[in-house]
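Welcome! Here is a friendly walk through a structure that may be new to you. Please take a look at it first, and then read on.

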Amino acid sequence: MEPKTLFVFFTIFLLFVSSSSESLKKQTYVIQLHPNSQSAKAFPSKLDWHLSFLQEAVLGIEEENEDPSSRILYSYDSAIEGFSAQLTESEAKTLKNLPEVVAVRPDHVLQVQTTYSYKFLGLNGPGPSSVWSKSRSGQGTIIGVLDTGVWPESPSFDDTGMPSIPSKWKGVCQEGESFTPSNCNKKLIGARFFIRGHRVANSPLDSPNMPREYISARDSTGHGTHTASTAGGSSVSMASVLGNGAGVASGMAPGAHVAVYKVCWFNGCYSSDILAAIDVAIQDKVDVLSLSLGGFPIPLYDDTIAIGTFRATEHGISVVCAGGNNGPLASSVANTAPWVSTIGAGTLDRKFPGVVRLANGKLLYGESLYPGKGIKKAERELEIVYVAGGDKGSEFCLRGSLPRESVQGKMVICDRGVNGRSEKGQAVKEAGGVAMILANTEINQEEDSVDVHLIPATLIGYEESVVLKGYVRDTVRAKARLIFGGTVIGRSRGPDVAQFSARGPSLANPSVLKPDLIAPGVNIIAAWPQNLGPTGLPYDSRRVNFTVMSGTSMSCPHVSGITALIRSAYPSWSPAAIRSAMMTTADLYDRRGKEIRDGDKPAGVFAIGAGHVNPVKAINPGLVYNIQPVDYISYLCTIGFTRSDILAITHRNVSCGVVLRNSPGFSLNYPSISVIFRRGRTKEMVTRRVTNVGSPNSVYTVNVKAPIGINVIVKPKRLVFSHVDQTLSYRVWFVLKKGSRGEKVADSFADGQLTWVNSRNVMQRVRSPISVTLKNYH
């Protein structure tokens with residue numbers, strides 16, 4: 001045989017072996033089955049029924065002496081009907097073709113996305129009319145938090161003064177590594193962990209390249225402890241981060257009970273584990289589910305969180321999710337199912353000044369939590385260097401990238417991006433640098449997420465970084481000093497939209513405005529594990545009970561806690577009514593009475609949704625927009641979802657033809673209004689229903705701020721309620737305006753407001769944001 005022929009043969013053989021090996025490689029799939037299947041009755045248990053599908057798909061398993069049950073990770077019951085299992089690609093295809101299988105989805109990996117914020121939101125107002133008084137601080141409600149676990153010894157989970165655990169509670173305190181049932185109490189009433197999906201997809205957790213991870217509900221990274229305490233942590237006196245932000249720390253609902261479901265590990269959060277946690281949380285009887293995790297937007301029928309939480313909503317559970325940190329990119333918002341409250345992030349009016357004073361006298365504003373103790377302090381003047389260029393990433397201060405001869409004893413400029421902000425300081429320290437200026441790049445603009453730095457350091461905005469780099473470039477031996485100003489409250493704007501907060505419109509679901517709301521999510525101080533330093537880095541030897549974090553991961557539990565407060569005040573309200581109360585009373589203006597800003601412009605609806613949450617108003621909304629779970633099915637039909645799509649999402653086998661015939665002109669009764677004009681359409685109509693939850697004999701009059709280029713007609717213009725819980729309907733027509741030559745005058749997008757004003761109390765306003773999109777009109 002010729003060498004060339006031999007080479008071709010050998011190559012084909014290798015490709016065959018490689019492809020065969022790939023086809024035999026197992027990965028985790030979530031298998032969704034038809035609900036209420038008759039074949040299930042033939043088996044002694046649901047697990048046996050699920051095993052029967054696996055045995056049908058897995059060929060030759062007995063010859064290999066493999067127990068089929070070893071392939072199953074979870075057998076689901078409440079979140080979906082189905083199971084997750086390890087399968088090869090060909091086995092997954094076989095299962096997908098079985099008549100009782102609705103869908104087979106590969107396991108997805110998602111990522112995780114306060115001493116003052118409760119005051120900023122007005123929760124601790126004086127007297128019996130305060131939100132905490134009206135809601136009894138959330139007593140009787142149970143907040144389920146899906147995250148990285150919990151540090152139960154944190155003072156935020158002390159149960160002094162807590163009421164008894166609700167009798168409906170069915171959960172447990174699961175034993176595991178460094179975690180026993182005694183770690184739970186009347187505040188932290190339950191803790192579970194879900195690791196099977198993560199375990200089969202990753203190397204052992206005790207790998208030498210991995211940080212220590214507890215195989216239990218105990219938190220190893222701090223994220224879950226932070227979010228759980230933000231939602232429902234107890235009040236803790238004299239809380240601070242090394243002296244900064246000192247005060248009383250409290251969750252939004254300090255009287256609520258907390259149950260923790262650990263689904264996130266160092267390599268992420270696997271959808272099979274998330275689904276298992278939702279499944280169990282439904283059975284445990286939580287009232288609120290808080291999920292500070294997600295990714296990029298995906299279709300609802302492929303979205304594990306959307307599918308699992310639909311069942312939760314059917315059980316009366318309010319679901320609150322982080323909108324994601326991929327802003328300011330348009331259409332980056334995630335977790336956009338209409339039965340989920342999707343939360344963006346805003347700022348506070350609290351600052352931690354860390355000013356850069358250049359040797360030429362110019363001041364560049366920055367922020368930092370260094371050096372702690374909440375005191376003003378000026379560091380000595382140092383030479384500044386910016387080590388840019390080359391292929392080592394020195395401009396980002398990657399570890400090992402900074403030449404010691406260039407940075408020894410100097411202040412180093414580090415661009416944001418690639419590695420963690422605090423990690424850059426460690427890289428500077430290891431190279432001999434003694435201080436750092438963290439410089440925003442163009443993508444970060446003026447975002448001011450602070451850190452508890454390991455060395456003297458501050459973060460400056462993009463405009464300041466341009467000035468600083470110009471100064472260093474043009475000056476021989478440029479010098480500066482850092483001046484730290486402690487904690488300053490009430491002297492700056494707030495809230496504004498966080499730069500990182502994900503923006504709409506929703507790619508997966510454009511006919512519903514997302515995000516729904518924004519809430520505090522920048523520089524939030526909350527509980528922290530005592531085995532971690534405030535930066536969370538393994539080489540940070542400092543120990544604290546609280547630290548600062550930013551993200552929609554932080555804004556989500558704020559709304560979760562406020563949801564618990566409203567539920568405690570009105571236990572019979574549906575999840576949709578509770579969300580409506582928050583959306584229709586949200587703020588469009590900051591604490592100084594000026595429009596909330598998104599960078600250098602007023603914030604639009606795709607940045608803030610209905611606005612910034614205002615619990616003081618939400619506890620007394622006047623009117624609410626209610627939605628029943630069956631309405632979501634009608635909605636999915638109206639936007640063109642197929643029968644199989646709807647079955648996968650809602651577990652209901654429906655005919656959209658029948659649904660739409662029974663509800664002609666259906667509009668989802670959402671608190672916001674999104675209108676899409678497609679080519680050739682000049683008029684659209686929506687219907688809404690509002691329920692009076694305020695005073696009897698109330699009269700509301702409509703006030704409309706029409707989108708530019710659109711005529712808005714509302715009928716009727718007055719709603720007269722004779723009693724509480726009465727529901728009335730209204731219709732809204734949107735008509736494209738035309739110019740003198742018949743051309744359209746509206747832009748591709750416009751927004752507005754529709755507000756119902758209580759005639760007897762003009763301060764009570766029930767406002768709906770309007771978004772109008774002209775699609776394919778150009």
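Predicted model: local features only at pLDDT ≥ 70, side-chain atom pairs only at ≥ 80, totals over all residues.

An α-helix has 3.6 residues a turn, so residues three or four places apart point the same way. The side chains of Arg311 and Glu314 meet in a salt bridge, with 3.9 Å from N to O.

Are the two partners buried or exposed, or something in between? Arg311 counts as buried, because its relative accessibility is 14% and the limit for buried is under 20%. Glu314, with a relative accessible area of 26%, is partly exposed.

How many salt bridges does the structure hold? The count is 27. Side chains of opposite charge can pair when their charged atoms come close.

One of these salt bridges joins Glu91 and Arg71, whose closest N and O atoms are 3.0 Å apart. Glu91 belongs to helix H3 (residues 89-96), while Arg71 sits in the loop between helix H2 (46-57) and strand E2 (72-76), so this pair ties together parts that are 20 residues apart in sequence. Both Glu91 and Arg71 are buried.

Another salt bridge links Glu684 with Arg681, and here the closest N and O atoms are 2.9 Å apart. Glu684 counts as buried at 18% relative accessibility, whereas Arg681 is partly exposed with a relative accessible area of 43%. Elsewhere, salt bridges that share partners bring Lys46, Asp77 and Glu81 into one network.

## Helix H2 and its neighbours

Helix H2 is built from 12 residues. From its first C-alpha to its last it reaches 17 Å, close to the 16 Å expected at 1.5 Å a residue.

Which residues of H2 are buried? They are Trp49, His50, Leu51, Ser52, Phe53, Leu54 and Ala57. The buried residues of H2 pack against strand E1 (27-33), E2, strand E3 (82-87), H3 and strand E4 (101-106).

## Aromatic rings

The structure has 13 aromatic pairs. Among them are Tyr74 and Tyr76, whose ring centres lie 6.0 Å apart and whose planes meet at 25°, so the pair is stacked. Tyr74 is buried, with a relative accessible area of 8%, and Tyr76 counts as buried at 1% relative accessibility. Ring pairs also connect Tyr74 and Tyr76 with Phe194 and Tyr261 in a cluster.

The charged end of Arg218 sits over the ring of Trp151, 4.5 Å from the ring centre. Likewise, Lys715 places its charged end over the ring of Trp733, 5.8 Å from the centre of that ring.

## Strand E36 and its partners

Now follow strand E36 (residues 699-705). Which strands are joined to E36 by bridges? One is strand E38 (residues 718-720), which runs antiparallel to E36 and is joined to it by 3 bridges. In that pairing, Val699 stands opposite Val720.

Strand E40 (residues 749-758) is another partner, with 6 bridges to E36, again in an antiparallel arrangement. There, Lys705 has Gln753 of E40 as its bridge partner.

## Backbone features to look for

Most residues other than glycine have a negative phi, and most peptide bonds are trans. Some places in this model depart from that pattern. A cis peptide bond joins Gly494 and Pro495, with omega at about 0°. The bond from Gly504 to Pro505 is cis as well, and its omega is near -5°. Pro495 is in the loop between strand E27 (488-489) and strand E28 (517-520), and Pro505 is also found between E27 and E28.

Where does a positive phi turn up? Arg136 has a phi near 55°; this residue is found in the loop between helix H5 (131-134) and strand E6 (142-147) and counts as partly exposed at 44% relative accessibility. Met238, which is not a glycine either, has a positive phi of about 55°. Met238 lies in strand E8 (residues 236-241) and is exposed, with a relative accessible area of 79%.

Key
Residues numbered from 1 in each chain as written. Heavy atoms only, no water. Pairing = 2+ DSSP bridges. Helix = DSSP H or I, 4+ residues; strand = E, 2+ residues; numbered from the N terminus. Phe/Tyr/Trp six-rings, centres within 6.5 Å; stacked < 30°, edge-to-face > 60°. Buried < 20%, exposed > 50% of the residue type's maximum accessible area, 1.4 Å probe, protein only. Lys NZ or Arg CZ within 6 Å of the ring centre and 35° of its normal. Salt bridge = Lys/Arg side-chain N within 4 Å of Asp/Glu carboxyl O. Expected span 1.5 Å × (residues − 1). Contact = heavy atoms within 4.5 Å.
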